[in-house]
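The following exercises concern the contact between two protein chains and a ligand. Please work through each task before reading its solution.

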Amino acid sequence: MSQEAKSIRLTIDGQEITAEEGSSVLDAALANDIYIPHLCHHPDLKPVGACRLCGVEIDGRPMTTSCTTAVQEGMDVKTDSEKIHHARKTAMELLISDHHMDCLACAAANDCALLTDSAYLGIEPDHLVRLRPSSKGLPIDTSNPFFQFDPNKCVICGICVRTCDEIVGRGTLEFIDRGFGTTIGTFGNKSFMESTCESCGECVVRCPVGALAPKRPKFAAREVKTTCVYCGVGCGIYLGVAGDKIVDVRGDRERPTNEGSLCVKGRYGFNFVNHSDRLTKPLIKKNGEFVESEWDEALELVASKFADTKGDEFAALASAKCTNEENYLIQKFTRAVMQTNNVDHCARL
Amino acid sequence: MAGLVTSFGSGAMTNSIQEIDGAKTLFVIGANTTSAHPVIGQRMRRAARNGANLLVANAKEIELAWVADHFIQPKPGSDVVLLMGMCRYILEADLHDKQFLAERCEDIGEFRESLEAFTPEFVTETTGVPWDRICTVARIYATEKPAALFYAMGITQHSHGTDGVMAVANLALLTGNIGKPSSGVNPLRGQNNVQGACDMGALPNYYPGYQQVTNPAVREKFEQAWGIGAKSGNGSRPPVSNLSDKLGLTHTEIFDKIYEGQIKSLYLVGENPLLTEANANHVRQALEKLDFCVVQDLFISETAQYADVILPAASFAEKAGTFTNTERRVQRVRPAIPPRGESRADWQITSQIARKMGEPGFDFDDPSEIMAEIASVTPSYGGISYERIEKVGLQWPCLDENHPGTPYLHKDKFARPNGKAQLVPLTYKKSAEIADDEYPLILTTDRSLYHYHSATMTRRVEGLEKLDSNEWLKLSPADAARFGIEDGEWVEVHSRRGVVKVHAQVTDICPPGVCSMTFHFRESPTNEITNPALDPIAKIPETKVTAVRVEKIG
Ligand code: SF4
Ligand code: SF4
Ligand code: SF4
Ligand code: FES
C-alpha cells in the first residue's frame with residue numbers, strides 16, 4: 001500500500017525545510033513550527049480552501065491558500081507580507097462580524113482558533129467585540145444530552161460537516177441557509193436529538209471555536225492512557241481526571257485500533273463510575289436482608305463455604321468485562337483450588 | 001469459535017481493524033456493526049465512501065444497509081443456505097481461487113458434493129432472496145479482492161451456529177480471501193474483553209491459550225506450573241496433582257446443573273445472567289436453589305439479589321490490567337482514580353479468597369506479575385509483557401520477547417495438523433423454532449448503540465439513558481396491520497417460555513414475519529422469552545430465532 005514517500009525540499013520564509021511528497025504547504029509549515037493562521041483546515045480532513053486565512057505568497061504569486069497547495073521541489077514560500085497581512089485581516093474581520101463574541105462565557109475560550117488567529121493577526125480582543133456587537137440571535141440547540149450547538153458562534157468553516165461525512169461516514173450535517181446567511185445544521189434542519197446524529201462527538205472535538213461544545217465541564221487536571229471498557233473494538237482512550245473524579249474522555253490517536261475515534265459510549269459513557277449506586281462495602285445476606293460487613297468477615301465466609309464445595313459441586317462464571325489477569329486468576333482458582341473445570345464466561349461468541 | 005477451529009485450526013478475528021481501509025470488498029453478514037462495534041462501523045462506512053464495495057446481508061435493514069452497494073435480506077436462520085448458495089454459484093461460474101485451493105486446502109470433493117442440495121430454487125425459497133442478487137454479491141466477493149468478511153452474533157446465536165461459522169469459512173477459502181492483508185474472516189467479538197476471557201481459559205474445555213483440559217500433557221504442564229506457586233510457600237511445594245481431567249460445564253449447562261441440584265456453590269464475577277441468558281426464568285429458578293452464591297460486581301444487579309455474599313468490585317478506571325480486543329490486541333488498562341469506597345479490584349478479591357483458603361500461587365502485588373505468569377504458560381502470549389504493550393499493545397500470537405505480534409493470521413499455513421484448511425460439507429438445518437399459527441412471528445435480538453449488555457453501566461449514565469430509555473419491539477407495518485397494533489402502544493410478546501410487556505415500534509427495518517428487541521432493559525427482560533436451544537458444539541443459545549406472538553394489551 002504505502003510506499004516510501006518521497007521527500008521534497010522547499011523554503012519557507014527563507015528557512016529550508018523538507019516535507020513529504022503530497023503534503024500541503026500548510027502542513028509542512030506547521031510541522032516545522034512555522035505558524036500560518038488557518039481555520040477551515042483540519043489534518044484529518046481533505047482541504048477545501050474556504051476561509052482563506054492561510055493565504056501565502058508562493059514564488060511571487062500572492063494569496064495562494066496554503067492548505068490546498070501541495071509542496072513542490074524548490075518552492076519559495078512567504079508566510080507574511082504587508083499584502084498578505086491585509087488580506088488575512090479582511091478575511092478575519094468578515095468571519096468575526098458573523099461570530100458572537102462572548103469569550104468569557106465560552107467553553108472554547110482556552111482553545112479557540114479564532115482567538116489564536118486574531119491574536120496572530122494583531123486584532124485586539126476589544127476590537128473583536130466591537131466588530132461583532134450583537135449575536136445573530138439564533139437559538140442554541142441543547143437537545144443532545146452531551147453537547148450543544150450555538151449557531152451564533154459558528155464561523156462556517158465546515159469542519160463539522162466534513163467530519164461527519166468523511167470520518168464518521170454519517171452525513172448528518174450540512175450547510176443551511178437560515179435567512180441570516182449560511183450556517184450549519186442537521187439534514188432537514190432538525191434538532192440534533194431528532195436528527196440522524198449518533199452522538200459520537202467527532203464533530204464536537206474538531207470544531208475550532210465554541211459553536212459545537214461539550215456540555216460537561218472539561219477541565220481535567222491530568223490524563224491517564226487506558227482502554228475503553230465497553231465493546232470489543234477496544235478503543236484507546238485518555239481519561240481526564242479532576243480530583244478523584246473522571247471528567248473527560250478523549251480518543252487516543254496513537255492506538256491503531258481507533259486512531260482517535262470514539263463512539264458515544266466511549267466518549268460520554270463513563271459516568272457510571274461515579275454513580276451513587278456503586279457498592280462500597282461487602283454485603284452478607286442475613287435473614288433475607290443484605291447487611292454491610294467488613295472485608296475480613298466476608299472473605300472468611302466465602303473461603304469456608306468454597307472449601308466445603310470443592311470439585312464438581314462448584315462453578316465459576318468469569319466475565320468478559322474483567323481484565324485478562326482477572327480471568328486468568330478465576331480459572332486458575334477454579335481449576336487449581338476448586339479442582340473442577342466448571343468455569344465459563346457470559347458471552348459465548 | 002468452534003467452527004473456525006474446524007476450518008482453519010484456530011478461532012479468532014484473522015485480520016486487523018486498520019486493514020479495513022485496504023479492502024476492496026467488505027462483506028458484513030449477521031452483524032449490526034454500527035450499533036455493536038461503532039468505531040468499526042464508522043470505518044466501514046468510511047471505506048465504502050472511499051470506494052470499497054460494501055455488501056451487507058442481514059435479516060433486518062440495519063443502518064449499514066443504507067450505505068451498502070448491495071443489501072440482501074435472508075430470512076432469520078437461513079445464513080448457512082445463503083452462504084452455501086454463494087459457494088455453489090462461485091464454483092459454477094468458475095470464480096474460485098484454484099491456486100489457493102490447491103496449495104492451502106484439503107481436497108474439496110466432499111464439500112462440492114454437499115453443494116448439490118443447495119439448488120438455486122432451494123436457496124431462493126429458503127432465504128427469500130432472489131437468486132440473481134445472491135449471484136451478484138457472490139461475484140463481487142469472489143472477484144473484487146482483497147475481500148474481508150465480518151460476522152457477529154447473527155451467525156453464531158443459532159442452534160446451528162457452528163455450521164454458520166464454517167459456512168463463512170468455506171466461502172473465504174473457496175475464494176482465497178484469507179491469509180492476506182485486508183481479507184480474512186473476522187468474527188466481531190461483543191464485549192470488550194470476550195476475546196481475552198477466552199484466551200485466558202475462562203472456558204470449560206481450555207486452559208489459557210486454548211490448551212485442552214483433556215490432554216494429559218497439558219494437564220501435567222499446568223500441574224507443574226501451578227504447583228510451584230508464584231512467590232508463596234517455600235518455593236518448592238509439590239506439584240498440584242489434582243487438576244480435573246473432565247470437561248467442565250458451559251454457562252448454560254451450569255444453570256441446568258444448579259437447577260438439578262448438582263452444583264451447590266457459584267462464584268459469579270461481573271455478570272448479570274438474569275438479563276443476558278436465554279430463558280432467564282430458568283436462570284432465576286436455578287439461582288433460588290443454590291446453597292451458596294457469591295456475586296462480585298460494581299452494582300447490585302438483578303442477579304445479585306440472589307447472592308449470599310456480594311463483594312464490591314473496582315471499576316475499569318480504578319485498576320490495572322489488560323484487555324484483548326476483537327483483533328487480538330492486548331492493551332493496557334490503567335487506574336485513573338482510587339477505588340470507590342472499599343471496593344477492590346477483581347484480581348485482588350480472587351487472590352484474597354484463595355489465600356484465605358490457605359492456597360499458594362495467589363500472592364500477587366501487581367497485575368504485571370500475573371501477566372508474567374500468563375506469558376509463561378500461554379504460548380500465544382509468550383512475548384507479552386507490560387513494558388512491551390505500554391503504548392499501542394501487541395496482537396497475539398506473540399511467541400517470545402522478540403516476536404513483533406501478528407496483524408493477520410494464516411499467512412503461510414493454517415493451524416491444523418497438516419497445515420491445510422478444510423472446506424466443510426454442510427447440510428441445511430432448520431432453526432429449533434419456526435413460526436407457526438400460534439407463534440407466527442420470529443423474534444430476533446439486537447443491540448442498541450447507546451447501551452451495553454445488561455446496561456448496568458450505561459443506564460447509570462444520564463445522557464445515554466436520555467438517548468435511549470426503553471425497550472421497543474420493532475415490527476413491520478404489514479405485521480402491525482395484521483395484528484392490529486399501533487405505533488407506540490404497549491403490547492405483550494408471548495413465546496413458549498413466557499411473556500414480556502413492551503412498546504411497539506412500527507418500522508420498515510423489519511421485514512414481514514420478523515420482529516426485533518434488544519436485551520438491555522430490565523423493565524422488558526427480553527431473555528425471559530428467548531430460546532435456549534443450544535448449538536450442539538459451541539453451546540450458544542439460539543437467541544436470534546424465537547417464535548413469538550404479539551398481543552394488544554386490554
Ligand atoms: S456527533 Fe457524530 S454523528 Fe452527530 S453530527 Fe457530529 S459527527 Fe455526525
Ligand atoms: S460548528 Fe464549528 S466546526 Fe461546524 S462549521 Fe461552525 S465553526 Fe466550523
Ligand atoms: S469507544 Fe465505542 S467503539 Fe470504541 S471500544 Fe468504546 S464502545 Fe467500543
Ligand atoms: S485553512 Fe486554508 S483556506 Fe481555510
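**Exercise 1.** Determine in which sense strand E15 of chain A and strand E8 of chain B pair, and over how many bridges.

Solution. Within E8(B), Leu268(B) is the bridge partner of Leu317(A).

The model is predicted: local features need pLDDT of at least 70, side-chain atom pairs count only at pLDDT 80 or more, and totals for chains, interfaces and linings use all residues. Residues are numbered from 1 along each chain as its sequence is written, chains are lettered from A and ligands numbered from 1 in the order in which they are written, and side-chain values use heavy atoms, with hydrogens and water left out.

**Exercise 2.** Describe the salt bridges across the interface of chain A and chain B.

Solution. Apply the rule (a side-chain nitrogen of Lys or Arg within 4 Å of a carboxyl oxygen of Asp or Glu); 13 salt bridges are found. One of them joins Lys332(A) to Glu373(B) at 2.8 Å, N to O. Helix H9 (residues 324-337) of chain A gives the most to the side of chain A that touches chain B, with 13 residues.

**Exercise 3.** Where does ligand 3 lie?

Solution. Ligand 3 lies between chains A and B. Its surrounding residues (a heavy atom within 4 Å) include Cys228(A), Lys265(A), Pro38(B) and Val39(B). Helix H7 (264-268) of chain A and helix H3 (38-49) of chain B each give two or more residues to this shell.

How values were computed. Helix = DSSP H or I, 4+ residues; strand = E, 2+ residues; numbered from the N terminus. Pairing = 2+ DSSP bridges.
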